[in-house]
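Student: Could you take a close look at one part with me, the surface and the side chains around it? I'd like the cut-offs spelled out as we go.

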Amino acid sequence: PMLSNPVVRKAIHEVRRHIIAWWRKFGHTPDRIVIEYVRSATQPEVVRNAALARNRKREDIRKKMIQQFELSVLSTTQQSRAVERVLLCRQQKGVCAYTGQCISEKAAADGRDVVSDHIVPKSRSQDNGFNNKVLVKREANRGKSNRTVKEWMSAEQFAAMEQRLGHL
């Protein structure tokens with residue numbers, strides 16, 4: 001009764017009706033309820049299934065990392081950050097983007113002397129995505145502040161870093 005939009009009210013009623021029918025038929029609530037947006041419902045089944053498969057694979061990788069590095073004692077936020085650091089470490093083949101020093105996956109998971117750094121500072125780009133981050137040694141990141149890597153490093157240092165990361 002509080003919803004002013006009759007279409008939304010009807011959609012919620014239909015979902016509720018289906019859940020109750022499931023409950024009556026099987027004697028328990030469903031394990032999972034998936035509600036698709038119109039834009040994804042209009043996509044071909046092959047595309048939807050591929051997206052679902054990618055999401056499940058990512059979730060499996062995440063769960064294996066949590067198990068492998070014993071991260072289950074951490075909060076979900078801490079787990080997410082640790083998994084992100086390990087993924088960055090793998091993407092960079094265990095090399096600090098700024099110095100070229102080795103970073104082990106265990107060190108990345110623990111966060112020992114490593115941090116994920118924004119390539120273009122978040123305050124300038126508002127981009128907190130995975131593609132705007134690199135894993136670096138904590139001491140190598142000191143002094144970067146609110147600058148891009150190119151603004152922060154000398155031309156020689158930047159050229160060396162580009163060459164070092166060119167294989168990735």
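Tutor: Happy to! Patches are built from residues with over 30% relative accessible area and no salt bridge, joining like charges within 9 Å and nonpolar side chains (Val, Leu, Ile, Met, Phe, Trp, Tyr) within 5 Å. A salt bridge here is a side-chain nitrogen of Lys or Arg within 4 Å of a carboxyl oxygen of Asp or Glu. Areas come from the Shrake-Rupley method with a 1.4 Å probe, and for residues only the protein chains shown count as cover.

This is a predicted model, in which local features need pLDDT of at least 70 and side-chain atom pairs count only at pLDDT 80 or more, while totals for chains, interfaces and linings use all residues. Residues are numbered from 1 along each chain as its sequence is written, and side-chain values use heavy atoms, with hydrogens and water left out.

Now the patch: Val-15, Ile-33 and Ile-35 make a nonpolar surface patch of about 280 Å². Ile-33 lies in the loop between α1 and α2 (38-41); helices (H or I, at least four residues) and strands (E, at least two) are DSSP runs, numbered from the N terminus. With 47% relative accessibility, Ile-33 is partly exposed, where buried means under 20% relative accessible area, exposed over 50% and partly exposed in between (1.4 Å probe, protein chains only).

Helix α1 (residues 6-26) also holds Trp-22 and Phe-26, which sit 4 residues apart, about one helical turn. The whole structure has 2 aromatic pairs. Trp-22 and Phe-26 form a tilted one, with 4.2 Å centre to centre and 45° between the planes. For such pairs, ring centres of Phe, Tyr and Trp (its six-membered ring) lie within 6.5 Å; planes under 30 degrees apart are stacked, over 60 edge-to-face, and the rest tilted. Trp-22 is partly exposed at 35%, and Phe-26 is partly exposed at 41%.

Lys-93, not a glycine, has a positive phi of about 55°; its place is the loop between α4 (76-91) and α5 (105-110), and Lys-93 is exposed at 53%. Gln-126 has a positive phi near 60°, lies in the loop between α6 (122-125) and β2 (133-137), and is exposed at 60%.

Finally, the cysteines: a search of the whole structure finds 0 disulfides, a disulfide being two cysteine sulfur atoms within 2.5 Å. For Cys-96, the nearest cysteine sulfur, that of Cys-102, is 10 Å away. Cys-96 is buried at 0%, whereas Cys-102 is exposed at 65%.
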